[in-house]
Structures are given as structure tokens and as C-alpha cells.
Amino acid sequence: VGSGTPGWNNWTIEDVFVDDYMPHTGKYSATLPETFSQAYQEVGYGQWVQGLVPDVTYVMTAFASIDYYDPNDAMQWGLFIGVQNFGRDKVQATLFGYDFAPVILFFTMGDTTGADIYAWRGPGGEARSDDYGVWEYHNYLINADFEKNDFTSWDYWNTNSAITNDAPHGG
């Protein structure tokens with residue numbers, strides 16, 4: 001739950017902190033402390049981003065990792081990095097690995113001008129995130145999603161390419 005206050009906000013009673021142990025870049029990263037399989041030991045932080053424009057699509061990026069995740073423990077959900085409270089359904093990625101992984105999320109604003117960017121985790125190992133960004137999305141590619149059902153604006157590199165609807169990503 002975001003506070004609607006600009007800047008990073010601690011959303012839990014557990015201590016979240018900035019740490020120099022394992023930043024993605026620079027000297028520090030934001031860190032969620034470890035908690036192990038005890039009910040209601042969720043931890044998180046977020047930032048309310050203001051000045052966004054209704055009906056405009058944005059991309060949110062971050063890098064994140066979690067020290068420990070046990071898929072056999074129903075209380076451990078991994079680390080969530082996401083966007084919510086922007087007038088539409090939240091979008092989030094779930095991370096399970098020790099190494100920093102990139103997070104790239106697209107969201108289109110509803111009838112509001114702000115959004116909560118967050119990191120959230122249930123019981124589990126220490127988790128960290130770093131290098132967040134939010135930008136207005138503009139794709140400079142032509143026919144980037146291949147919805148024209150051909151290779152319009154794409155160069156052929158060999159003759160074994162085909163458009164198929166066997167496993168579409170979206171669109």
C-alpha cells in the first residue's frame with residue numbers, strides 16, 4: 001500500500017535499509033531483510049511517482065535479486081518488483097535468483113497522474129533492488145510486434161524465417 005508521498009517509503013514495520021553489500025551499480029542498493037517462513041513477515045518499500053500523464057504508456061526498469069528462495073516452502077513467494085495504483089491492474093515481475101536480473105515492465109496510465117513503484121517480499125532471504133527508472137515509452141521500430149503478419153520494415157538475414165501464431169506474446 002503506497003502512502004502517496006513522493007520519495008521512497010517503507011511500507012512495513014520490518015526494517016528496510018540501504019546497504020553497500022551487493023549493489024547492482026554504484027555503492028548502495030535498497031535491501032529487504034531476511035525473514036524465514038513465519039506468517040505476516042512481509043517487507044516492502046515503494047515510491048509514489050507524480051507527473052505521469054493519463055492514457056500514456058510508460059516503461060519501468062530495475063535490477064533485483066534475492067539471496068534465498070525455497071520453492072517447496074509455500075510461505076516463500078520470491079521478490080516482487082512492480083507498479084500499482086495507476087488506474088489499471090498492477091503489473092509486476094517475480095524474481096527468484098541470487099544474481100541481479102533486469103526487470104522491464106510496461107504500464108499504461110488510467111485516469112490518474114501517479115503510480116506506486118515497489119519492491120515486496122514475503123518470508124525468505126535478503127532481497128535487494130537497484131537502478132530504478134520510469135520513462136515514457138516510445139518504440140521507434142516499425143512493425144515491432146509483427147501484427148502486420150509479415151516482415152514489413154525488417155531485413156532478412158537468411159531464408160528460414162516465418163511469421164507464426166503458434167506462441168504469440170501479445171497484441
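Colleague: Is Glu126 buried or exposed?
Modeller: Glu126 is buried, with a relative accessible area of 16%. Buried means under 20% relative accessible area, exposed means over 50%, and partly exposed is in between, with a 1.4 Å probe and protein chains only. This is a predicted model, in which local features need pLDDT of at least 70 and side-chain atom pairs count only at pLDDT 80 or more, while totals for chains, interfaces and linings use all residues. Residues are numbered from 1 along each chain as its sequence is written, and side-chain values use heavy atoms, with hydrogens and water left out.

Colleague: Which residue does Glu126 form a salt bridge with?
Modeller: Arg128, with the closest N and O atoms 2.8 Å apart. A salt bridge here is a side-chain nitrogen of Lys or Arg within 4 Å of a carboxyl oxygen of Asp or Glu. Arg128 also forms a salt bridge with Asp67, where the closest N and O atoms are 2.9 Å apart. That pair links distant parts of the chain, since Asp67 is in the loop between β5 and β6 and Arg128 is in strand β10 (residues 127-136), 61 residues apart.

Colleague: And how accessible is Arg128?
Modeller: Arg128 has 1% relative accessibility, so Arg128 counts as buried. Salt bridges that share partners join Asp67, Glu126 and Arg128 into one network.

Colleague: How many salt bridges are there by this rule?
Modeller: Three. One of them joins the side chains of Arg88 and Asp55, at 3.2 Å from N to O. Arg88 is in the loop between β6 and β7 (91-95) and Asp55 is in the loop between β4 and β5, 33 residues apart. Asp55 is exposed, with a relative accessible area of 53%.

Colleague: Stepping back, how many helices and strands does the chain have?
Modeller: The protein chain has zero helices and 10 strands. Helices (H or I, at least four residues) and strands (E, at least two) are DSSP runs, numbered from the N terminus. Buried residues make up 36% of the 171 residues.

Colleague: What about the largest nonpolar core, how many residues does it have?
Modeller: It has 24 residues, and those with the most contacts inside it are Met60, Leu79, Ile81 and Phe107. β5 gives the most to this core, with five residues. A nonpolar core is a set of buried Ala, Val, Leu, Ile, Met, Phe, Trp, Tyr and Cys residues joined through side-chain atoms within 4.5 Å.

Colleague: What does Met60 touch?
Modeller: Not counting residues up to four places away in sequence, Met60 touches a list that includes Ile81, Val103, Phe107 and Tyr132. Contact means heavy atoms within 4.5 Å.

Colleague: Different topic. How many aromatic pairs does the structure hold?
Modeller: Five. Rings of Phe, Tyr and Trp (its six-membered ring) pair if their centres lie within 6.5 Å; planes under 30 degrees apart count as stacked, over 60 as edge-to-face and the rest as tilted. Phe146 and Phe151 form an edge-to-face pair, with 5.6 Å centre to centre and 70 degrees between the planes. Ring pairs also link Tyr58, Phe86 and Phe107 into a cluster.

Colleague: Last one, where is Gly114 found?
Modeller: Gly114 is in strand β9. Gly114 is buried, with a relative accessible area of 1%. The C-alpha atoms of Gly114 and Gly87 are separated by 8.8 Å, and these residues are 27 apart along the chain.
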